[in-house]
Amino acid sequence: MHSLQVVLLAIITLFATVRGQTAGTTTTTWDCCEPACGYTSNLSAGARGPVRSCNKSNGAAASGAQNACFTAGGQAFSCSNYQPIIISNTLSYGFAGHGNTATATCCKCYQFTWTSGAAKGKSMIVQAINAGGITDVDFDIYTPGGGVVDFNACTAQYGAPSGGWGRQYGGVTSDSQCSQLPSNLQAGCHWRWQWAGGDVNTWGITFKQVNCPSQLTSISGCTPASI
C-alpha cells in the first residue's frame with residue numbers, strides 16, 4: 001500500500017505542476033469561409049461579438065450576407081487580416097479553429113508552445129474563430145495557403161484553383177509556393193515557412209486558455225468572458 005500511495009502522490013504532484021496545460025497538435029487551414037464564430041448563436045458564454053466577416057474585397061460583409069461556403073453566390077467570407085502576426089522570434093499571435101462545439105470555444109484565446117517540429121519551444125496565442133470537425137486538442141491555425149480542407153470559398157473570393165493552393169489538406173509545401181497566392185495573403189503564407197520553419201501540420205503542443213490580447217480582439221471584433 002505504501003508504494004501505491006507514493007505513486008499516487010507523484011501523479012497528483014505531476015498534474016498539479018502542469019495544471020491547465022493540455023497536450024495537442026497544430027494543423028493549418030485557409031478556406032476563405034465565413035468563420036463559425038461569425039454567428040451570434042455560436043458564441044461561447046459571456047462573449048461579445050460576433051467575429052467579423054468580410055466581403056469579397058475584405059471590406060465588412062453586408063448585414064445578412066450568406067456564408068460563401070454554404071450558399072451559392074454567398075458574399076460572407078473570412079477576412080484577410082486573420083493571418084498570423086509575428087510578435088517576436090519566439091511568439092506569434094493569430095486565429096484558429098478549435099473544438100467541435102462552437103459554443104464551447106468561440107472567441108476564447110489559448111496559448112500553446114510547440115513540443116515538436118521546427119518551431120519547438122516557440123509559442124503562439126490564438127483566438128478561436130471557428131469550430132466544428134476539429135478535435136478539442138487541435139488548433140487549426142488560419143494560415144494563407146494552409147489548405148481549404150472540407151470547404152472552399154477561396155475560388156469565389158480570390159480565383160484560387162478548385163482544390164485551393166497546394167494540397168487540399170495542408171496546402172502549399174514550400175515557401176516558394178506562397179507566390180501562387182494573392183499579394184495580400186503572401187505574408188501569412190511565408191510565416192509558416194520562415195517563422196515557424198516548416199509545415200506546422202501534426203506538430204505537438206501543450207496549451208492552456210488565456211485572456212485575449214487586445215490586438216486579437218480588435219481584429220476579430222469578438223471579446224470572450226475573462227478567465
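**Questions on a Predicted Fold**

Trainee: Ser220 lies in helix 5, where helices are DSSP runs of H or I with at least four residues and strands are runs of E with at least two, numbered from the N terminus. Is Ser220 buried or exposed?

Mentor: This is a predicted model, in which local features need pLDDT of at least 70, side-chain atom pairs count only at pLDDT 80 or more, and totals for chains, interfaces and linings use all residues. Residues are numbered from 1 along each chain as its sequence is written, and side-chain values use heavy atoms, leaving out hydrogens and water. A residue is buried under 20% relative accessible area, exposed over 50% and partly exposed in between (1.4 Å probe, protein chains only). Because the relative accessible area of Ser220 is 0%, Ser220 is buried.

Trainee: Which residues does Ser220 contact, leaving aside neighbours within four places in sequence?

Mentor: Contact requires heavy atoms within 4.5 Å. One partner, Phe95, in turn touches residues including Val126, Asp140 and Leu216. The contacts of Ser220 are Pro50, Val51, Arg52, Tyr82, Phe95, Gln127 and Ile129.

Trainee: Which residue of strand 5 stands opposite Tyr93?

Mentor: Strands pair if DSSP finds at least two bridges between them. Strand 3 (residues 91–98) runs parallel to strand 5 with 7 bridges, whereas strand 4 (residues 109–114) runs antiparallel to strand 5 with 5 bridges. In strand 5 (residues 123–130), 8 of 8 residues are buried. The bridge partner of Gln111 in that strand is Ile125, and the residue opposite Tyr93 is likewise Ile125.

Trainee: How many residues of each class line the largest pocket?

Mentor: A pocket is an open set of points on a 1 Å grid over the protein atoms alone, where a 1.4 Å probe fits and protein lies on both sides within 12 Å along at least five of seven lines; lining residues have an atom within 4 Å of a point. The largest pocket holds about 380 Å³, a volume being the space filled by probe spheres set on points joined across faces, edges and corners. Of its 25 lining residues, the closest to its centre are Asp31, Asn130, Gly132, Asp140 and Val149. With Ala, Val, Leu, Ile, Met, Phe, Trp, Tyr, Cys and Pro counted as nonpolar, Asp, Glu, Lys and Arg as charged, and the others, Gly among them, as polar, the lining divides into 11 nonpolar, 9 polar and 5 charged.

Trainee: What is the volume of the second largest pocket?

Mentor: Its lining includes Glu34, Arg52, Ser53 and Ala76. By class, that lining has 5 nonpolar, 2 polar and 2 charged residues. The volume of the second largest pocket is about 150 Å³.

Trainee: Which residue is joined to Pro50 by a cis peptide bond?

Mentor: Pro50 is found in the loop between strand 1 and strand 2 (85–86). That loop also holds Cys32, which has a positive phi of about 70 degrees although it is not a glycine. The cis bond has an omega of about 5 degrees, and the residue joined to Pro50 is Gly49.
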